[in-house]
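Subject: The structure, and what turned up in it

Hi,

Here is the structure for you to open. Have a look around first, then read on.

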Amino acid sequence: MRFAYRVFQHRWYEVAMKRDPKRLVSERFDVIVVGAGIHGACVARDVALRGLRVAVIERGDLGGETSHNSLKTIHGGIRYIQHLNFTRTRESIREQTIWLRTAPHLVRPLPFLMPTYGHGLRGPAAMFAGIQIYRSLGLRRNAGLVPQARIRPGRVMGIRAARAMVPDVPGDGLSGAALWDDAQVRFADRAVIEILSDASAHGAAVLNHAEATAVLKVGVRAAGVRVIDRLSGAEFEVAGRLVVNAAGPWAAALATDLPASAADVPLTRSMNIVTRRPPRDFALSIKSDEASDSKLGATKRLFFEVPWEGCTIFGTTYAAAGEGADTPDLQAVDIADFLADLNAAWPALGLTLDEVVYCYRGLTPAEIGEGSQRHSHESRILDHVQAGGLDGLISIIGVKWTTARLVAERAVDLAAAKLGVDVPCCTRDAPLPPLAEIGYDLAGRPERDIVKICRAHIERTLTLTLRDMLLRRTDDLVRGRLSVDEIACVARCMRAHLGWDATACARQAALLCERWLPPETRRVFETSDALWGTT
């Protein structure tokens, strides 16, 4: 009865995620999820909707690391056709449809245009064939979708039509263009928050800014995790029957039970940049000079220009993760290199550093082969006992936003089997409820409204740092839309509500400055009088 009630109750009431370390100490959970990125969040919601007791522990902010670094696309997998990976294409189409059906307030169709050159594997004939295969693999993709969420059939156009859509397209060898619909998650950070909020509404305990430092063991079984609260410094243990390690780049730290640590995968640093460039009505592919890993000939990798909420995002570029701190100076060098690559690939772009307002960066799994390292395309679920490690410990090496829900379903199916629980997944059909009566846009609002929105996030979405608020609960700073006075209003509200002293205020500003920000924005956070008033 508990399962039926939790899944089918309608949420007419307001839900607030409360930071309650004491609850984690006092209860024994069926599943402990370490990591609250998109994969950990989807696991937590799946477990909670099956009626099991679940706790989520995140060392930073919810969705604050790799999942924050998003090109904001929920793609249907048309690019996997060039890899001859039709299974992955079908999965991507199905998962894209689920996002469009269950979260239409967050995910919407987005047209993609790819110029074609010559008459080879990226010429019009090859793209036409690829689009027809793509269409045949998703014949029922629009079933159950409202009209505005439906994906239109793709098509191929000639040179004249391509130039009409993109007058500045590089013309050397241009032979036309392919146009198809993918999807965009407009507010990726908000999606993670809403997934975890729904998990919380179904009983999940969520704790951010707390690091799981070790897996507890009873014999050869996982029995929970040891945690240190990164805000208070307190250390405690959380008991659980099973642990799902979804810690992303930090997953290997909890996988020390394995011979040679099978979860210790190589990492690459990915980057997307947000610019003031006025957006087009569609996303656009840009052929780079880097070689693709396609199985169909020697094609080139693609960069993408993606419209987003009045801005344009360019991505994605990859670099070796390296060692040491990812400082703003290093980020600036990588941004400059990326701009150079983009301008070389599409000279008419003429992108400059002055147009960049934010840099998304994150560590993602990589693959090593033939002397080079590339980002990984496939997520993995690792049952530690099958690899000679602990029973009751499962690690997820997640790759794509698009299939995060599916990876979570498979991981929770495995967890449920280990727990002896026969309860099906319901996230394929369960709508994701939007957070009601809470604001996200700050720019242009009067001070009283900014204060109201900030307080709502502090009280309901586990917003505990200035970086949490300005980079993930709201995205006006990321879009370069906040004035100095509006930034200062947010800072003063959080200081008053959370009781920060002068030392804490300085720490909050320093944390924000660890990210690359435009010089004029950085100066705000480096000047106490501008940010906090006289202190």
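Below are my notes on a helix, a surface patch and some aromatic rings.

First, some ground rules: this is a predicted model, where local features need pLDDT of at least 70 and side-chain atom pairs count only at pLDDT 80 or more, while totals for chains, interfaces and linings use all residues. Residues are numbered from 1 along each chain as its sequence is written, and side-chain values use heavy atoms, with hydrogens and water left out.

Let's start with helix H3, residues 38-49. Helices (H or I, at least four residues) and strands (E, at least two) are DSSP runs, numbered from the N terminus. H3 has twelve residues and reaches 16 Å from its first C-alpha to its last, close to the 16 Å expected at 1.5 Å a residue (the expected span is 1.5 Å times one less than the number of residues). Twelve of the twelve residues of H3 are buried, so the helix is largely enclosed by the rest of the structure. Buried means under 20% relative accessible area, exposed over 50%, and partly exposed in between (1.4 Å probe, protein chains only). Just after H3, Gly51 takes a positive phi of about 85 degrees.

Leu84, Phe86 and Ile133 make a nonpolar surface patch of about 230 Å². Leu84 is in the loop between strand S3 (73-74) and helix H4 (86-102), and with 47% relative accessibility it counts as partly exposed.

Now the rings. There are six aromatic pairs in the structure. Rings of Phe, Tyr and Trp (its six-membered ring) pair if their centres lie within 6.5 Å; planes under 30 degrees apart count as stacked, over 60 as edge-to-face and the rest as tilted. Phe112 and Phe304 have ring centres 5.7 Å apart and planes at 70 degrees, so this pair is edge-to-face. Phe112 lies in strand S4 (residues 107-117) and Phe304 in strand S13 (residues 300-308), so the pair ties together parts that are 192 residues apart in sequence. Phe112 counts as buried at 5% relative accessibility, and Phe304 counts as buried at 5% too. Tyr358 and Tyr360 have their ring centres 5.0 Å apart and their planes at 90 degrees, so they are edge-to-face; both are buried. Ring pairs also link Phe112, Trp180 and Phe304 into a cluster.

Finally, the charged end of Lys72 sits over the ring of Trp308, 4.5 Å from its centre. That label needs NZ of Lys or CZ of Arg within 6 Å of the ring centre and within 35 degrees of the ring normal.

Cheers

Key: Patches are made of residues with over 30% relative accessible area and no salt bridge: like charges are joined within 9 Å, nonpolar side chains (Val, Leu, Ile, Met, Phe, Trp, Tyr) within 5 Å. Accessible areas come from the Shrake-Rupley method with a 1.4 Å probe; for residues, only the protein chains shown count as cover. A salt bridge is a side-chain nitrogen of Lys or Arg within 4 Å of a carboxyl oxygen of Asp or Glu.
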